[in-house]
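Please open the structure in a viewer and keep the selection panel at hand.

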Amino acid sequence: MILLSAIGRLGAWTLALLAGIGRFAAFTLETLSHAVRPPFHGREIALALLQMGWLSLPVVGLTALFTGGALALQIYAGGNRFGAEAVVPQIVAIGMVRELGPVLVGLMIAARVTSSVAAEIATMKVTEQIDALVTLSTHPMKYLVLPRVLAGLVSVPVLVGIGDIIGVMGGWLVATERLGFVSTSYLHNTINFLEPLDIISSLAKGAVFGFLAALMGCWFGLNSGRGAMGVGRATKGAVVAASVAILAANLVLTEAFFSA
Amino acid sequence: MIELRGLRKSFGPNTVLDGIDLDVARGKSLVVIGGSGTGKSVLLKCILGLVAPDAGTIRLGGQDVTRLPRDAFLSRFGMLFQGGALFDSLPVWQNVAFRHLKARMPRAEARARAIDALARVGLPERTADLYPAELSGGMQKRAALARAIAASPEVVFFDEPTAGLDPIMAGVINRLIREAVTDLGATAVTITHDMTTVHTVADRVALLHGGKLRWMGPTADLDHSGDPFVEQFIHGRPDGPIATLR
C-alpha cells in the first residue's frame, strides 16, 4: 500500500512537472511571438533597459572589479607553486571573459533584476493591476513581459562586455600594484592572448543569461499565489530558477563553444 | 445592453456561478448584492473575459462577446476595481489617461483630459503628478474612478466601490458613481454588500447566493421583497436561509 501510494505521488509529481514545463515552453513561445507583432510599448522597453542595464552597472562593475583582482591573486599564488606566475594576465583574461564575467553578471542580474521583476509583477497580480491592464485593452505579455525580456536580451551582453573589461582591469590593478607586474606588458599579454571566439562566447552567454533572468522573473510573477506569501514565494522561486538556469545554460554554451 | 444566459463557473469542486440569467438595460444601474465569496466579482470578470466561464452566453448590445474583437469590446468598458488597482509605476494622470496615451493621443492633451477627469471626481490638479502610493485610500478610489470613466465608456463596472472607506468618503464615492452613470448615460453594474451604496446608485438590485440569482427587482421593492434571502441580507440578520460561519 505504502509503495503504491509513493508511486502514485511520484506519478502525480512527474505529471505536474511535465505540465509545468509545457506551460513554461508555451509562455516562452508566446513571449517571442509578441516580439514580432505590434503594437510595441517603446516607453516600457526604454524603462526596462534603464532598470536592467544602466542601473545594474554599479553592482556589475564592483563585482567584476573585485573578482578580477582576487583572480589575479589566486592565479599568482597557484602559479607560484610550479613557477608559472607569469601567466596571470592570460589566465585572468580568459577566466574573466569566458566564464566569470558572464556567469557573475548573470547571477547578479538574477539577484538584482529577476527578484524585482518577479516581485513587481506578482504584486501587480495580487492587487488586480494586471486585470486592470486587460480591461484597458492592454496585453500584459506586451506591456510587462516583452519589454523586460527584450531589455534582458539586449542589456545583459553589454553589461557582460563592460564587466569583462572591468574584471580584467581589476586583475591588472592588483597585478601591477601588488604583484610587481609591468603595466604595458600585462595589457599587451592580455590583448594578445584573447581570441574573437572568447569575446563572442562571452557576449552570447550574456544574451542567453539576460533572456533567462528576465523570463523567469516574469513567469514567476505572473504565476504567483495570493497575498504577501505568494509574492515572497514567487520572488524566491524566480531567483532560484534563474540562477540554476543560468548555470545550466553556461555549461551547455561552454560545451557548444569550446568542446572542439 | 448586457444579457447573460445560463452562465456557469466552477473552481474545482466549488461552483461559484450556477446558471446565471441576467439582463441589464442600456443606461440603467444594476447593483448585485450578496455575501463575501458568493461569486459577485467572478460574475464581472466573466463578462470582461478575465475569467473564462464554463458554460453560458454573454451578449453585449445583442452581440456574443466571444465574437467581438477583444480590444474593441474592452474599449466599451470601464472598471473600478475593489482596491483601485492603480498602476504603482505611473503618476496619477498617466493612470487616468492610460487609454488615451495608448491610443497615441498627444501627452499634453491626454494630461489635460486626465486633469478634467480628476476634477470630476473632486481631486485637485496637484494630485495629477503624484504616484498612487502618495494618495490616501479615498483619493486612490477617486483616482481609480476617474480612470474608469475617463474614456466615457458605455458600460462601467464597480467592484466593491466603498470597501474600506469611512462612511463620509463612501458617501462621496456613491454620489460620484451615481453622477457618473447619470451624466455619462452609461450602463452600470456595481457589486457590493454595502446597503447605502445599493440605495444610492441602484435602479435595480439582484441578490446572488449559492451561485444563483435569488431575487432581482427595482430598488424600491427591495425593502418589501418578501424574499427570505433578501430580508436576511438587507437587515444583516445572523439567522435565516443564508448560512453563516461562527
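The stops below move from a whole chain to one strand, its neighbours and a chain contact.

This is a predicted model, in which local features need pLDDT of at least 70, side-chain atom pairs count only at pLDDT 80 or more, and totals for chains, interfaces and linings use all residues. Residues are numbered from 1 along each chain as its sequence is written, while chains are lettered from A and ligands numbered from 1 in the order in which they are written.

**Stop 1: chain B as a whole.** Select chain B, whose C-alpha trace spans about 55 × 45 × 35 Å along its principal axes. Its radius of gyration (taken over C-alpha atoms) is 18 Å, which agrees with the value near 18 Å for a compact globule of 246 residues; that globule rule is 2.2 Å times the number of residues to the power 0.38. Colour chain B by secondary structure to find nine helices and 10 strands. Here helices (H or I, at least four residues) and strands (E, at least two) are DSSP runs, numbered from the N terminus. Of the 246 residues of chain B, 44% count as buried, that is, with 20 or more other C-beta atoms, placed from the backbone, within 10 Å of their own.

**Stop 2: strand β7.** Next select residues 155-159 of chain B, which form strand β7. Five of the five residues are buried, so the strand is largely enclosed by the rest of the structure. Show the side chains: V155(B), F157(B) and D159(B) point one way, and V156(B) and F158(B) the other way.

**Stop 3: the neighbouring strands.** Two strands pair if DSSP finds at least two bridges between them. F77(B) stands opposite V155(B).

**Stop 4: the contact with chain A.** Finally, display both chains; the contact takes 14 residues from chain B and 10 residues from chain A. Residues are in contact if their C-beta atoms, placed from the backbone, lie within 7 Å. On the side of chain B, α2 (70-74), β6 and α4 (98-102) each supply at least two residues, and the largest share, three residues, comes from α4(B).

Terms used. A residue is buried if 20 or more other C-beta atoms lie within 10 Å of its own, exposed if 12 or fewer, and partly exposed in between; C-beta atoms are placed from the backbone. Two residues are in contact if their C-beta atoms, placed from the backbone, lie within 7 Å.
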